[in-house]
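Here are my notes on the model you sent. Please read them with the structure open beside you.

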Amino acid sequence: MLSRRSFLGTATALASASLVSGRVQAAGIPEAPTMDKVATQPPLHPSSGPEYRPVVTLNGWSLPWRMNGDWKEFHLVAEPVVREFAEGMKAHLWGYNGQTPGPTIEAVEGDKVRIFVTNKLPEYTTVHWHGMILPSGMDGVGGLTQPHINPGKTFVYEFQVKHSGTFMYHPHADEMVQMAMGMMGMFVVHPKDPGFRPVDRDFVFVMSSYDMDPGTYLPKVTEMTNFNMWSWNARVFPGIDPLPVRLGDRVRVRIGNLTMTNHPIHLHGHSFSVSGTDGGWVPESAQWPETTIDVPVGAIRAFDVLADNPGDWAFHCHKSHHTMNAMGHDLRTLIGVSKKDIAKAVKRLAPDSMAMGSTGMAMGEMEMPLPDNTLPMMTGSGQFGPIEMGGMFTVMKIREGLGRDDYSDPGPYRFPKGTVAYEIETPAAEPPRQDTQPNAGERKGAKGTKGMKGMKMKGA
Ligand SMILES: [Cu+2]
């Protein structure tokens with residue numbers, strides 16, 4: 001039973017707390033929406049508070065909120081989730097509100113946000129608001145700026161978002177494990193002035209990496225460098241949705257990096273400018289043209305591009321191992337090695353086995369038999385054949401006449417007649433060799449040509 005003194009003490013503490021921060025009591029916890037679809041969800045237009053043009057999270061969604069006085073209230077639930085990287089492979093991870101990454105939080109410069117965080121993980125956690133300028137006690141560093149959020153408990157973060165830009169959230173508690181398990185999300189703060197660098201389409205995603213042996217369901221959380229699943233919003237090609245864009249749209253792409261290495265992200269067919277980082281907006285006078293932007297670890301890069309070139313444009317990490325899936329790792333290079341005899345012997349022991357690599361690794365239409373719950377190292381097909389990609393790869397599809405908020409896949413590009421690279425009948429002349437005898441070039445050249453053709457291994 002409360003004594004009069006402790007009641008008064010509590011009441012005074014509550015009154016002063018509410019004066020300082022507008023602190024709410026447990027009765028007022030807003031509901032926590034969840035998402036079970038892996039497809040990119042349509043933009044969440046604001047139903048209250050200031051107007052803005054919302055972002056679209058690649059293979060993700062934005063978290064709905066409620067207004068409580070002049071506070072925007074969100075509710076994140078940290079919990080175990082199952083995430084499908086692409087059809088055929090699921091991972092048992094940790095995330096927020098049903099998914100990893102967690103939903104994108106959107107607010108407007110000047111908003112007062114109150115974010116409830118409920119912990120349904122088997123260990124304690126916190127949430128750090130990466131890049132946000134806020135009071136130290138709201139920074140979410142377990143032990144340093146707050147007590148940890150124990151399993152079953154709910155904490156409240158309250159702060160005013162003072163700067164527009166692109167930020168992230170992730171735990172600052174058992175960080176190595178929790179981030180390796182997928183605990184992360186993006187936080188976008190829109191400018192108060194809707195006329196500040198407006199765009200027609202605004203995409204956002206966070207990059208994460210995992211080390212998962214083929215056939216397993218859990219990432220190795222102590223891995224430091226040797227990852228084999230390179231994901232955008234915990235999806236890998238061909239599981240990453242395309243970015244549909246209307247011809248002539250001004251497009252922004254915001255990319256966070258919570259992997260353990262940098263990623264040079266490359267867009268084909270366009271020149272873009274880097275418009276922002278997690279530190280804020282890059283002044284226009286300081287921007288320069290790029291086609292690849294390196295996104296460092298623990299950082300965000302946003303670029304703006306005018307989509308003035310119609311077509312299907314590859315959009316990917318330029319580290320070629322990052323556009324491969326798990327099966328592409330720890331293999332010997334066997335180009336030039338004849339494996340005919342050994343292949344026969346191995347086939348007797350393992351009839352599903354396939355000797356490959358003697359001429360390169362292009363597999364054409366062939367698919368190798370796989371263990372359960374893994375993905376081919378390179379896969380996917382387009383209108384002209386195999387795309388042979390995995391990991392951090394998708395396509396920006398620029399088309400005439402898409403609806404303003406239409407993010408459905410417009411299908412393969414219909415190339416205007418005469419605009420696609422084509423084969424000619426006449427064989428090219430042999431290049432002169434400087435280090436061979438007059439007639440040796442003929443012999444070696446003929447062999448070389450055959451070898452190059454063999455690289456494709458079609459029907460081999
Ligand atoms: Cu990469």
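1. The largest nonpolar core has 87 residues in this predicted model. Those with the most contacts inside the core are Phe-85, Met-168, Phe-187, Phe-203, Met-229, Val-236 and Met-396. As background, nonpolar side chains tend to be buried together in soluble globular proteins.

2. Take Met-396 from that list. Apart from neighbours within four places in sequence, Met-396 is in contact with Leu-243, Val-245, Leu-267, Trp-313 and Phe-315.

3. Now the chain as a whole. The protein chain holds 4 helices and 24 strands. Of its 460 residues, 36% are buried. Among contacts with a separation of 6 or more, 73% are between residues 24 or more positions apart.

4. Strand β5 and strand β10 (residues 185-190) run parallel and are joined by 4 bridges. The bridge partner of Ala-107 in β10 is Val-189. In general, strands of a sheet pair through backbone hydrogen bonds, either parallel or antiparallel.

5. Is Leu-63 buried or exposed? This residue sits in the loop between β1 (56-57) and β2 (66-68). Leu-63 counts as buried because 22 other C-beta atoms lie within 10 Å, and the cut-off for buried is 20 or more. Leaving aside neighbours within four places in sequence, Leu-63 is in contact with Pro-33, Phe-74, Asn-97, Pro-103, Thr-104 and Ile-105. Of these, Asn-97 is 34 residues away along the chain, with 9.0 Å between the two C-alpha atoms.

6. Glu-87 is also in a loop, the one between β3 (71-86) and β4 (89-96). Glu-87 is exposed, because 10 other C-beta atoms lie within 10 Å and the limit for exposed is 12 or fewer. The C-alpha atoms of Glu-87 and Arg-235 are separated by 9.8 Å, although these residues are 148 residues apart along the chain.

7. Two peptide bonds deserve a check. The bond from Thr-100 to Pro-101 is cis, with omega near -10°, and Pro-101 lies in the loop between β4 and β5. The bond from Phe-237 to Pro-238 is cis as well, with omega near 5°. Pro-238 is placed in the loop between β12 (229-232) and β13.

8. Which residues other than glycine have a positive phi? Asp-174, with phi of about 40°, is one of them. Asp-174 is found in the loop between β9 (165-170) and α2 (175-180), and counts as partly exposed with 19 C-beta neighbours inside 10 Å. Glu-388 is another, with phi near 55°. Glu-388 belongs to strand β23 (residues 385-389) and is partly exposed, with 19 other C-beta atoms within 10 Å.

Key:
Residues numbered from 1 in each chain as written. Predicted model: local features only at pLDDT ≥ 70, side-chain atom pairs only at ≥ 80, totals over all residues. Core = buried A, V, L, I, M, F, W, Y, C linked by C-beta atoms within 7 Å. Contact = placed C-beta atoms within 7 Å. Pairing = 2+ DSSP bridges. Helix = DSSP H or I, 4+ residues; strand = E, 2+ residues; numbered from the N terminus.
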